[in-house]
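Where are the pockets in this protein, and what lines them?

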Amino acid sequence: MPEPLRTVVADDHYLVREGTRRLLELSGEIVVVSAVGNADELLDAVRRLTPDVVITDIRMPGGGWRAGFEGIDAAHRVHAEHPGVGVVVLSQYSDALFAFELFKHGTEGFAYLLKDRVGDLEELLGAIRAVASGGSVIDPKVVEGLLARRDMRGEQEELTPRERDVLREMARGRSNGGIARALHLSISSVEKNVNAIFTKLGLENSADVHRRVAAVLAYLGP
């Protein structure tokens, strides 16, 4: 059995961060080495404890940070100082502009999830596992909203319904095998759809999970 992932949780609401801590530790896959209330305390905890993963709220009031983007700015600082630490940003905002802000310098080791995913333990654990291994995740609800917006623009070279399903699973950070299980498809069918998606986006096919999420962002971006 693999060693539990060492994690720091950051949220300015005590009940939320303690609830998140207890939920994660009950899974047996996570050890929360610190739970803090602001971005400065988060950076200090990472420097002292060098966790595998950080889980941070997008907003944590405090001085010296962009208001409303404290968690995202702290995520970028964590990656700059500790490139091997994965970061999951929890947000109440489904507006993709916040996700693009997180991923603007690269997608590797970042996840953007809506805050209600805390109640879906397997979804949250999946994102934690993904960023710990250098992968990326973007919340499927954000993808849904962007797909709807793109439909309204009526752009050419749209994806087929099946390709869109595969795109959503790619956004979750799933491998081809994981997508096949989620959609009840064969591996060969998933590979065919993934290749079609990359072709339509004009992107080189890649097995790298973070490049797959980059493809999602490239397709859905403004």
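Helix α5, residues 121-132, contributes six residues to the lining of the largest pocket, the most of any element. Helices (H or I, at least four residues) and strands (E, at least two) are DSSP runs numbered from the N terminus. The model is predicted: local features need pLDDT of at least 70, side-chain atom pairs count only at pLDDT 80 or more, and totals for chains, interfaces and linings use all residues. Residues are numbered from 1 along each chain as its sequence is written, and side-chain values use heavy atoms, without hydrogens and water.

A pocket here is an open set of points on a 1 Å grid over the protein atoms alone, where a 1.4 Å probe fits, with protein on both sides within 12 Å along at least five of seven lines; lining residues have an atom within 4 Å of a point. The largest pocket holds about 320 Å³ of space. Its lining has 15 residues, with G126, A127, R129, R172 and R174 nearest the centre. Five of the lining residues are nonpolar, four polar and six charged.

The second largest pocket holds about 150 Å³. It has 12 lining residues, and P2, E3, L5, E29 and R129 lie nearest its centre. Helix α5 again supplies the largest share, four residues.

Conventions: Grid points are joined across faces, edges and corners, and a volume is the space filled by probe spheres set on the points. Ala, Val, Leu, Ile, Met, Phe, Trp, Tyr, Cys and Pro count as nonpolar, Asp, Glu, Lys and Arg as charged, and the others, Gly among them, as polar.
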